[in-house]
Amino acid sequence: LNCPPPPLRGLTALTNLCCDSNFIREIPDWAGRHTLISSLRLNNNRLPSLNPVIGLLRGMTELQLCGNLLQSLPIELFKVTTLTRLRLSRNRITSLPRDVARLKCLTELSVSSNKLLSLPASLSTMPSLESVRLDDNDGLLPSLPSQLLLRSTPELKAFLRRIQVSGKSLDLSDLGLSELPLAVLDQHEVQRLNLSRNKLTDLPDGIASLRSLKSIDLGYNAFMDLPECLLALPNLTDLTIRGNPLPRIPKEIGALGSMQVIEMMRRVRHSRVTSRLDLSKLGLTSLPLFTLSMPSICDLNIDSNSITSLPEELCYSLPSLTRLSARGNALRGRLPLHLGLLTGLTSIDVAQNKLVSLPIGLALLTRLRSLATASNPLSLPSSALLSRGLATTMSFLVSLSVIGAGMRLTQNPPAPPP
């Protein structure tokens, strides 16, 4: 059959009609006269579209149109507010209009195996909806979390409801999200975004489109690094990161608040362009581990922090370093023993610390032109020797290295040369 048989035209008392598995390509206009139909089944036919007269069947409770060629749905369909079951699987539908929410009695909606790209948030307002089938709609994955497709209809409705009522505040916490739904990126008016207690490891670059965003809560996720796309948010002033692994973010930075974290991120990003890393005045108590994975850095500034020591790994990890400034910290004892391996160093500033000795390995720094050590309780070399200038200091260190004095000289230093 290419269309419902004409003899049906006169059966106006018909309540159930099944024309499954034919070759029906259109619903005739006269079908609109069958206002008593409660169940209409046209599965596995060749319908490319629905005749708007479908909206005249105001008493219909079940409509099955699976396995056709439908690409869209007429607005008239959503005037049939008595529908409780709507099956549209295995078609070519790309979207559901927001008017679907007018079907207040609908309990079952099946749109699996279509070409859906998004879902209307209005689905969340359908009080009777208990079952939604969305499987095999790959186009949904960017806009809808894949894990939500496998969850219950109430959970799906809860997610859509949050999108629906977002306004200036959008709460997507506790949804088990492993990726940020692209639907969120359309919420341009959002100022506060709560993504806490999910499974996020990254954010899409498109989050930069949320230019009104002032506050974002990423707490208790699975971030190993903070996404640099956060720096593209011009109005962001409040960032919560507690409860994430973040091994590269110093704990003291996180404890100081969001602006300190954002400031550090900006400086790190800037260093990739300039090869100069400025970590001064950040309240650091140790050198951040991420510094040791930036071999192109030539200028490292960690002034005015509370760092108590520099790791030996520094001497192997920053081969391009030409300037090291650690003025105004709390460095104790000595500098790294193998600092002399950084043979490109031309300037070292460790003034205003608590150092008692300098490593003999400094004698290997033949390019060193500046060494600032003021306001340290140094005994090796002594303050008197240091006051004679860099050349004298370096000669002294060279002499110690030649005779193989070793680090025991830090406790029994020889008399300075006359």
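Predicted model: local features only at pLDDT ≥ 70, side-chain atom pairs only at ≥ 80, totals over all residues.
**Stop 1: a four-stranded sheet**

Start with strands E7, E8, E9 and E10. They form an open sheet in that order, and their pairing is parallel. Which strands stand at the edges? Select residues 169-171 for strand E7 and residues 238-240 for strand E10: these are the edge strands, and each has a single partner strand, so one side of each is left without a neighbour in the sheet. On average, neighbouring strands of this sheet are turned by 0° against each other, direction ignored.

To find one of the pairs, click on serine 169 and then on arginine 192, its bridge partner in E8.

**Stop 2: a lysine with positive phi**

Next, select lysine 281, in the loop between strand E11 (276-278) and strand E12 (299-301). Its phi is near 55°, a positive value in a residue other than glycine. Is lysine 281 buried or exposed? Its relative accessible area is 61%, and exposed means over 50%, so lysine 281 counts as exposed.

**Stop 3**

Move on to the loop between strand E17 (370-372) and helix H6 (383-386). Serine 375 lies in this loop. Serine 375 is not a glycine, yet it has a positive phi of about 60°. With a relative accessible area of 58%, serine 375 is exposed.

Proline 381 is found in this loop too. Select it together with leucine 380: the peptide bond from leucine 380 to proline 381 is cis, with omega near -10°.

Key
Residues numbered from 1 in each chain as written. Heavy atoms only, no water. Helix = DSSP H or I, 4+ residues; strand = E, 2+ residues; numbered from the N terminus. Buried < 20%, exposed > 50% of the residue type's maximum accessible area, 1.4 Å probe, protein only. Pairing = 2+ DSSP bridges. Axes fitted to C-alpha atoms, helices over the stretch in contact; angles between N-to-C directions.
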